[in-house]
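Look at the sequence and the model first, then read the points by topic.

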Amino acid sequence: MKYLIFLSGKTGRTFLNYMDSIFSMSGLLYRILKIFVKGNYSGKKLVWAGIVEQIYFTAVQALKIIVPISLILGTVFFLQFSKFAEQHSLGNIAVIFLLRETGPMISAIVVILRSATAVTTEIGYMNVRHEMDSIQMAGADPLALICLPRVIGITTAILCLFIVFNLVSILGGYVSAWAISDISMHRFLVLIGKSISLTDALAVSVKALAFGVIISIVCLYRGFEAKKSITEVPVKTARAAVECFFYCLIFNVIISVVFSLKGW
Amino acid sequence: MEQSKTIMEFKNCNILDQNISLPEFSFLIEENDVVEIESLDDEKSSLFIRGLATLAPLRGEIMFKGSLYDPLDYENLLKLKRQIGYLGPLCSLLSNRSILENIFLFKMWEENLKKIKLDESFMNEFKQAGILEYIYKRPEKTTEEIKCGTYLVREFLKKPGIVFLERPYLFTRGKLSRFLCNNLKDSSQKKVPIVFFSNTGFVPATEVTHKIIVENDKIEKIKVE
């Protein structure tokens, strides 16, 4: 009985803490969106510079990782699936599996490993060192100066990385298809092109938006949680990375289910 | 006799802290005031002056130059924070920006600038604070003295309506002592009130006019005769 009470208490507390962080993250997202929509802050040039900087760090610098990964995955995928799929169905499988499912998740994982951890560490470090207070004492809003560029930058960067991943993996796919079947580039692209529809682009864009917002908000929120000691930062960073991956996985499933239920 | 103008007024204010409790307080700070904070407990004095300067975690009513500010109104409070000069151990610089950008962050934000045009008067300020050669460097590439010089230049270039000094001896190394004194004198001439807490017998450039005594059950401002 004692253990049952302990267990139920612990479960309840964990659930409440979990819900508390979900609502707090939603609150943070709401405040950042409000700033974005209203746009009534003064330092727009600083914010814009922050967005460009974030896209550079998250997208451009990640290219050297995402390009080889997508090339290898594309090659392996087409090589394996071509064994039991006909040419016309290969295109459909490629679009559904590679472009709509694997591409977004792999890009999200790369962003989580590279940028999400960096953002959490940076925010945690700034918070512990009272840099956020300095920004406020200058009359600037940290939510506009620090958070907004990260949300917009990471979301845009993820969408760009999706596009790069898809293009390069198709190129990798062509290499393997050419090696086993002597298919021409034109024929291969027609095959893929016929399988891609507007809803695929929509699904990928929705995933980019969802993943970008999830990754940036979770990282900012966990970064802001580090308050007193620098030793809190690695703990929050690890937690943020795991949560980002978990939430992205869940949202990936939700978006895929919604699209397939709609018959898209 | 000329009536002094009220610069800042705290009404039924509370500073919330998990570890240290402070009583509710109400007082006003007028122009020309030089106020010293006194307490038997240095931690309480530190928390109190930080609460007044950074307005967090503060609850109550704050009037600044005739305008009412609610500590829960985040956006409005930023406008007030911009007008407050704070020098203390909690001062910090943004590590991903240069010394120059740190100094002029308020200006870059307010006037929507990407870069700052420097004129001779700024150069002179930097020279006096001993930071001229370091203005394009990141804070971590400089020394503690340069960082302190940067805090001083940053806070006084803001042209604050009130100056809070917590443990001023931190800002009196080498050349900085004279720089701080000159700026305090200058502020005093412009009738800008100064509120300070020091546990090392720091004497500001001008005479102390009032004291705020922080006790366990009350906080009150008294005139120094």
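Helices (H or I, at least four residues) and strands (E, at least two) are DSSP runs, numbered from the N terminus. By that rule, chain A has nine helices and zero strands. This is a predicted model: local features need pLDDT of at least 70, side-chain atom pairs count only at pLDDT 80 or more, and totals for chains, interfaces and linings use all residues. Residues are numbered from 1 along each chain as its sequence is written, chains are lettered from A and ligands numbered from 1 in the order in which they are written, and side-chain values use heavy atoms, with hydrogens and water left out.

**Confidence and chain A**

- The model scores ipTM 0.90 and pTM 0.89.
- From the N terminus on, the elements of chain A read α-α-α-α-α-α-α-α-α.
- Along the principal axes, the C-alpha atoms of chain A fill a box of roughly 65 × 60 × 35 Å.

**The sheet of chain B**

- Chain B holds an open sheet of four strands in the order 2-1-4-5, with antiparallel pairing. Two strands pair if DSSP finds at least two bridges between them.
- Strand 2 (25–30) and strand 5 (67–69) of chain B stand at the edges. Each has a single partner strand, so one side of each is left without a neighbour in the sheet.
- The twist averages 15 degrees from one strand to the next. Axes are lines fitted to C-alpha atoms, for helices over the stretch in contact (heavy atoms within 4.5 Å), and angles run from 0 to 180 degrees between N-to-C directions.
- Strand 1 (residues 6–15) of chain B pairs with strand 2 of chain B over five bridges, in the antiparallel sense. Cys13(B) stands opposite Phe25(B) in strand 2 of chain B.

**Helices across the sheet**

- Helix 1 (residues 42–54) of chain B lies across strand 1, strand 2 and strand 4 (58–64) of chain B. Helix 1 of chain B runs at about 120 degrees to strand 1 of chain B.
- Helix 2 (residues 74–81) of chain B lies across strand 4 and strand 5 of chain B. Its angle to strand 5 of chain B is about 125 degrees.

**Pockets**

- On a 1 Å grid over the protein atoms alone, a cavity is a set of points where a 1.4 Å probe fits but cannot get out, and a pocket is an open set with protein on both sides within 12 Å along at least five of seven lines. Lining residues have an atom within 4 Å of a point.
- Grid points are joined across faces, edges and corners, and a volume is the space filled by probe spheres set on the points.
- The largest pocket holds about 1,900 Å³ of space. Of its 47 lining residues, the closest to its centre are Asn127(A), Asp133(A), Lys227(A), Ala56(B) and Pro57(B).
- The second largest pocket holds about 660 Å³. Among its 27 lining residues, Glu53(A), Asn96(B), Arg97(B), Glu101(B) and Arg138(B) lie nearest its centre.

**The cavity**

- A search of the whole structure finds one cavity of 30 Å³ or more. The largest cavity has a volume of about 40 Å³.
- Residues lining the largest cavity include Ser134(A), Met137(A), Phe106(B) and Arg154(B).
- Helix 5 (131–137) of chain A and helix 6 (144–157) of chain B each give two or more residues to this lining.
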